[in-house]
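Please look through the sequence and the structure below before reading on. The notes after them take up a few topics in turn.

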Amino acid sequence: MFINSALSLAIWLPIVGGIAVLATGDDRNAPLARRLSLLIAIASFLATLPLYTGFDIHTAAMQFVEHRVWIPAFNIDYYLGVDGISLLLVLLTSFSTVLVVISAWRVIETRVAQYMAAFLIMEGLMIGVFSALDAILFYVFWEAMLIPMFIIIGVWGGPNRVYATFKFFLYTLLGSVLMLVAFIYLYYQAGQSFDILAFHAVRLGMTEQILIFLAFLMAFAVKVPMWPVHTWLPDAHVEAPTGGSVILAALMLKMGAYGFLRFSLPILPDASHELAWLMIGLSLIAIVYIGLVALVQEDMKKLIAYSSIAHMGFVTLGLFIFNAQGVEGAVVQMISHGFVSGALFLCVGVLYDRLHSRMIADYGGVAERMPVFASFMMLFAMANAGLPGTSGFVGEFLVILGAFQANVWYAVLAGTTLVFGAAYTLWMYKRVIFGAVRHEKVATLEDANGREILFLTLLAAAVLAMGLWPNPFLDIMHVSVENLLKLTAVSKLSP
Amino acid sequence: MQNVYLAIPLACLAGALVSGLLGKVIGRAGAAAAAILGVAVACALSFVVFHDVMVAGHHFNGPVYTWGVSGGVPMEIGFLIDPLTAIMLVVVTFVSLMVHIYTIGYMHDDSGYQRFFSYIALFTFAMLILVMSNNFLQLFFGWEAVGLVSYLLIGFWYTRDSATFAQLKAFLVNRVGDLGFLLGIAAVFMYFNTLDYRAVFAIAPQFATATMQIVPGVDWQVMTVICLLLFVGAMGKSAQVPLHVWLPDSMEGPTPISALIHAATMVTAGVFMVARMSPLYELSETALSVVLVIGATTAITMALVGVVQNDIKRIVAYSTLSQLGYMMVALGVSAYSVGIFHLMTHAFFKALLFLAAGSVIIAMHHEQDIRKMGGLKKYMPVTFVTAWAGSLALAGIPPFAGFFSKDMIIEAVHYSQLPGSGFAYAAVLAGVFITAFYSFRMLFLVFHGKPRMDDHTKHHLRESPWVVTGPLVLLAIPSFLIGLLTIEPLLFGGYFADALKVLPAHDVVGRISRGYQGLGPFIAHGLQSPPFMLAAAGVLLAWLLYIRYPQLPDRIRARTQPLYDLLLNKYYADEFNDFVFARGARGLGRWFWRIGDVKLIDGMAVNGTARVVGWVAAAVRQVQSGYVYHYAFAMILGVFLLITFFLHR
């Protein structure tokens, strides 16, 4: 029984829990709201573990499937299931939420219950996105996701939050509209079904495929984000509170890449091959162009935001070179980027909580005052630069191996991240952490406290584990990736 | 034996973790003891392995664990223990142990004592992972890990801007090399579908004539592409021109790490790698030629820069660059065993020279300018004698270690028929003269002549404590003897056997060995050959200029000012890189950001769309005036238009 509805539990436990947290009322009950949120976040994380322990790595079929009728008039079902790719993203979601709750413990002082609830509800919705097998159900989760994020940035955000929230909301909403149109078209082609797996089997002509591909591209490219529809991300990050940035970078961006994996590649194999040049081109622009842009940022959050875009370029590059190394590297990169960018945003949060500045120039010499914190941040900076032994290396390495097979120049351009990635990350690190103490405020900094050390340690363990022994992660996804590549390799054009 | 192999790197890692993570708990002495114990265990076990390989002839090649599998291809962490690995193990752990002991004295007053021990033990671990690897993945792990620790150590005094600048520069320049290296690994993976050395080496000959197209229409030999890409990595790590720029700046770190990382071990990684890849390099004469020419260029140009330096550590640093060039030259002419031989002798005498320089720096209260030294021999007898031993070895004076290895390199180049070997021969011969000159210039200026330091410093001059001089003596012994003792077994006794592969056509060492009649004749022949004469001339010139006629150098400098400036500014390579690459990248980034992102995408597309929506809305809003007669008029107009349309269609 429990295993049969494990996914539902993973989705609804945090959502119902979030509503319960809301019920604790105003800030007089903040301590209760905090404790309750942590409890629910941990319970939700534990609720996703049976998915991992019970997962069969030998089949590409969807597992933990739940299939119930929802809106019979339009054949819309409540249909859930995970494969080796979405399972990892579900686990990443529940893990990250725990960290966000811990990180907000003392930092958020106003409307605590609402803040915590927004994250818990968002967790449920994101797990919904990653496990929905009905296109409309997917769409509902996908769009519903925006609301808590909109609120988080809009209420707890920085001074320019209104511009940032509207930009974020409109960008992503506009992108998604065409996706809905594509779903409806596919609904008729699939014999009046919104079953995503049925979409995979639909035969489509080239023109149809290209049009649907472009419609999907609008939705997914904005989320990833790919150049040139990326400009909402730096603004959203800069204005978002720390927890918002973590979820945005660690999880929301993955939804776009997941969309390509679940929809574009298997449903539109011919268009994917036909337009691969475009996807690869945009990915390489993201890696090189955005890498250079990141180099000159003066705001730490903006810098990490741009670095996120560059790293996501590896994901889209890996997906569209159609080989095992590329796709597996892309999935690994998604998970790893969740850890590393989340960790870096939390690091900036730790500094911001103390000095209330994100500007690089306001720091310098932090290592003198915060040696423990500096060590953690060094690890995450190195992971961001893709150092072997950290998770950041695995995805980049596999994607470069894959890209070289597709075309030497893809690998050369992608490989520039070795230099640029190290340059922007370590140059920022140098200016913030090293050097003599130049500002009075820096001289008063106190090192990371127990709570901060806790979440940094959790992330450090994840980054190192995945870097030193990625095989357990790879094992989970092998068969699913193989299946995806098989679907992508078979033409859907009628003979 | 497998447990012993595993214990060698893990002992160092344990030492690093204990001294790093528990440094506060166990205190300074505890941290030092933990790190030294770890490395000492590794060193002892390395000798056990060396003995096992050499005497019993045991080899090992096997996995430790599967790192990952992708597309059905396993990528493993594993060890390859053969004569090449064994000799590297001994050199790395021995020099590292000496440096660890020396550190007790050198870093005595530093507040980062525990951190320093943790880093150097971690470094030893990284280097061991690199040399013990049996596959390209782990090689890259070690490769990058030594880069990381080097970064941490160069910036050890992180409050100094010069140090944090140097560390960033070192890391980024190395990363440029690593990019080539990684692409080389990707090429190996693509063509051989495995990253395991043994499998790759076994299939490689089948690809001897295979070609690929990087630029459409131009056929490239696959092996040449692979070897050149891998060599780009070696150029970064082993600081070959033009990726040499990071090494002199790395002297910002504490002296012990200069000895360990920037002389004896990390910078030899590139040399080791090329030797390890000999089965691949043998298949591409183009690649070998490139290695040869780059090596020879580095050897001569960097030696020239060493002549004009005045910072004691920088002189030694430039001599390292030049000697690394020599090693590359040896590899280029397929004399891999000679390259490794020079790597080994150089590791001992260069570590010795750096540590001796450090000893001088302690005595001089961290003054590093040799123009402010002089006459130190009577204050620091042990440092003085050992520095002489190191310099004689570096200059290649028989029977010191450097003589054998350098003479063999020059002989090997002499026998080579490879394109570029003529240039290389001239370069390495000239290099001998320059090397002897600058190393004795340093020696004379520091230890001989009149003291030129201020009275306060002079008053406090004294020999360093035993933890400093002990390692000097222990390194001076191999600097003196190691060449004499090992040249026969290593080069002519077939020690390396299958570990290094040389095609018969390239076998210059074999040709030399046919004429080899024992140590005595070898030395006797060496004494009559041009290299020795040049070295002696270099020493003599240094003596003339800096002892006999000390006023001469200034006059010569005045006559040759442009050349002097060129050398003093290191051929303006730093200025060039700074202007073109550092500024160029930032300028391009700023342009992309301000013009691309802010102006075009956000300014025109995004906010522009919003503005257009605003204008349209404002225009349309005028129509909703709220007056009934406006709406009535619109309705009548509409009805009229509809009627007209239906009547006339």
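What follows is a short briefing on the interface, a pocket, the salt bridges and some backbone details. The model is predicted. Chain A and chain B are in contact through 61 residues of chain A and 52 residues of chain B.

**The interface between chain A and chain B**

- The size of an interface is often given as the accessible area lost when the parts come together.
- For chain A and chain B the buried area is about 5000 Å², and carbon and sulfur atoms give 72% of that area.
- The rule finds 21 residue pairs in polar contact across the interface of chain A and chain B, counting pairs with both residues at pLDDT 80 or more.
- On the side of chain A that touches chain B, the residues divide into 41 nonpolar, 13 polar and seven charged.
- How many salt bridges are there between chain A and chain B? The count is one salt bridge.
- In a salt bridge, the side chain of Arg438(A) meets that of Asp161(B), with an N to O distance of 3.4 Å.

**The second largest pocket**

- The volume of the second largest pocket is about 1200 Å³.
- This pocket is lined by 40 residues, and those closest to its centre are Leu172(B), Val173(B), Asn577(B), Phe581(B) and Ala582(B).
- Both chains take part in the lining: helix H20 (417-433) of chain A supplies at least two residues, and so does each of helix H6 (161-192), helix H13 (285-308) and helix H26 (573-623) of chain B.
- Which helix gives the most to the lining of the second largest pocket? H26(B) does, with eleven residues.
- Sorted by class, the lining of the second largest pocket has 24 nonpolar, seven polar and nine charged residues.

**Salt bridges over all chains**

- Over all chains, the count by this rule comes to 18 salt bridges.
- One of the salt bridges joins the side chains of Glu109(A) and Arg34(A), at 3.9 Å from N to O.
- Glu109(A) lies in the loop between helix H3 (84-103) and helix H4 (112-131) of chain A, and Arg34(A) lies in helix H2 (residues 30-53) of chain A, so this pair ties together parts that are 75 residues apart in sequence.

**Backbone details**

- Most residues other than glycine have a negative phi, and most peptide bonds are trans.
- The peptide bond from Val224(A) to Pro225(A) is cis, with omega near -15°. Pro225(A) is placed in the loop between helix H9 (206-223) and helix H10 (232-239) of chain A.
- In chain B, the peptide bond from Val241(B) to Pro242(B) is cis, with omega near 5°. Pro242(B) is found in the loop between helix H8 (222-237) and helix H9 (246-249) of chain B.
- His365(B) is not a glycine, yet its phi is positive, at about 55°. The loop between helix H15 (336-363) and helix H16 (381-395) of chain B holds His365(B).

How values were computed: Residues are numbered from 1 along each chain as its sequence is written. Chains are lettered from A and ligands numbered from 1 in the order in which they are written. This is a predicted model: local features need pLDDT of at least 70, side-chain atom pairs count only at pLDDT 80 or more; totals for chains, interfaces and linings use all residues. Side-chain values use heavy atoms; hydrogens and water are left out. Contact means heavy atoms within 4.5 Å. Buried area is the accessible area (1.4 Å probe) that two parts lose on being put together, summed over both. A salt bridge is a side-chain nitrogen of Lys or Arg within 4 Å of a carboxyl oxygen of Asp or Glu. A polar contact is a pair of N or O atoms within 3.5 Å; within protein, one must be able to donate a hydrogen and the other to accept it, and residues adjacent in sequence count only if both atoms are side-chain atoms. Ala, Val, Leu, Ile, Met, Phe, Trp, Tyr, Cys and Pro count as nonpolar, Asp, Glu, Lys and Arg as charged, and the others, Gly among them, as polar. On a 1 Å grid over the protein atoms alone, a cavity is a set of points where a 1.4 Å probe fits but cannot get out, and a pocket is an open set with protein on both sides within 12 Å along at least five of seven lines; lining residues have an atom within 4 Å of a point. Grid points are joined across faces, edges and corners, and a volume is the space filled by probe spheres set on the points. Helices (H or I, at least four residues) and strands (E, at least two) are DSSP runs, numbered from the N terminus.
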